[in-house]
Amino acid sequence: MKTSPCILAFAVLVSVLSNAQSVPSANTTKDIQAEDRMFFPRDMFWGWAQFDMAPPHNEIDPNLCAGNAGQYGGVNAPCSMFARYMLSGMLEVRPFGRGRLRRFMVFGAPSFLFGKNVPQTLYTWSPDAIGIEHSWGAGIYIAKGFELRVTQHFLFDRLGARDTNLGTADLGNNGPWGRYATVGVRKSFGTRRW
């Protein structure tokens, strides 16, 4: 007997809440436009972060040490910058909410590498910091999913004790691609399902 009032109260609550959600505001688009701020709108940030872990015998190679680094010291080779872990991400900032500048954005994309491995010689789970590879740029949304982007990619920045020459196998700070700048067009399409 006591459960029937609870069931009745639950049914009434569900019907009231569903009715409240289905009644749209008369000025929905006007309210949204009025809320958009010229500078620093609420939705100005977009991005992602990712953590990757490479299994043994498949380390991430930032091209800082020669692939035969194990020949220059074996398990004690000074050039052991083959990564086990990578933390990367992308952040886009659209600082303008109204006007023609609302299409403008700046972005940054860093990748942090960690590990201490030498191919076919030393495999560890060490989280020693290796360095950071980063790029940044600016873009303008053109139309229909197209963006014009200018990107600057910097040399690899080593961290800590690895910021010195590490012997014969050390290839320098160029990283996998070296330093470069590009002008490109990006096309995005579809919508994400969550």
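**Aromatic pairs, charge networks and a nonpolar patch**

At 27% relative accessibility, Phe104 counts as partly exposed. The cut-offs are under 20% relative accessible area for buried and over 50% for exposed, with partly exposed in between (1.4 Å probe, protein chains only). The model is predicted: local features need pLDDT of at least 70, side-chain atom pairs count only at pLDDT 80 or more, and totals for chains, interfaces and linings use all residues. Residues are numbered from 1 along each chain as its sequence is written, and side-chain values use heavy atoms, with hydrogens and water left out.

Four aromatic pairs were found in a search of the whole structure. One of them joins Phe96 and Phe104, with ring centres 6.4 Å apart and planes at 50°, so the pair is tilted. Rings of Phe, Tyr and Trp (its six-membered ring) pair if their centres lie within 6.5 Å; planes under 30 degrees apart are stacked, over 60 edge-to-face, and the rest tilted. Phe96 is buried, at 19% relative accessible area. Phe39, Phe96 and Phe104 belong to one aromatic cluster.

The protein chain holds two helices and seven strands. Their order from the N terminus is α-α-β-β-β-β-β-β-β. Helices (H or I, at least four residues) and strands (E, at least two) are DSSP runs, numbered from the N terminus. Of the 194 residues in the chain, 31% are buried. Among contacts with a separation of 6 or more, 67% involve residues 24 or more positions apart. A contact requires heavy atoms within 4.5 Å. The accessible surface of the chain is about 13200 Å², and 62% of it belongs to carbon and sulfur atoms. Areas come from the Shrake-Rupley method with a 1.4 Å probe; for residues, only the protein chains shown count as cover.

Side chains of opposite charge can pair when their charged atoms come close. Six salt bridges were found in a search of the whole structure. A salt bridge places a side-chain nitrogen of Lys or Arg within 4 Å of a carboxyl oxygen of Asp or Glu. Glu92 bridges to Arg94, with the closest N and O atoms 3.2 Å apart. Glu92 is buried at 5% relative accessible area, whereas Arg94 is partly exposed at 22%. Arg94 also meets Glu147 in a salt bridge, at 3.4 Å from N to O. Glu147 lies in strand S5 and Arg94 in the loop between S2 and strand S3 (104-114), so this pair ties together parts that are 53 residues apart in sequence. Glu147 bridges to Arg149 as well, at 2.9 Å between the closest N and O atoms. Both residues are buried, Glu147 at 9% and Arg149 at 6%. Shared partners join Glu92, Arg94, Glu147 and Arg149 into one salt-bridge network.

Ile142, Phe146, Leu148, Val150, Val183 and Val185 make a nonpolar surface patch of about 540 Å². Strands S5 (146-153) and S7 (180-187) each give two or more residues to this patch. S5 gives the most, with three residues. Patch residues have over 30% relative accessible area and no salt bridge; like charges are joined within 9 Å, nonpolar side chains (Val, Leu, Ile, Met, Phe, Trp, Tyr) within 5 Å. Phe146 lies in S5 and is partly exposed at 36%. Lys187 lies over the face of Phe146, at 5.0 Å from the ring centre. The charged end of Arg84 sits over the ring of Trp125, 4.8 Å from its centre. Such a charge has NZ of Lys or CZ of Arg within 6 Å of the ring centre and within 35 degrees of the ring normal.
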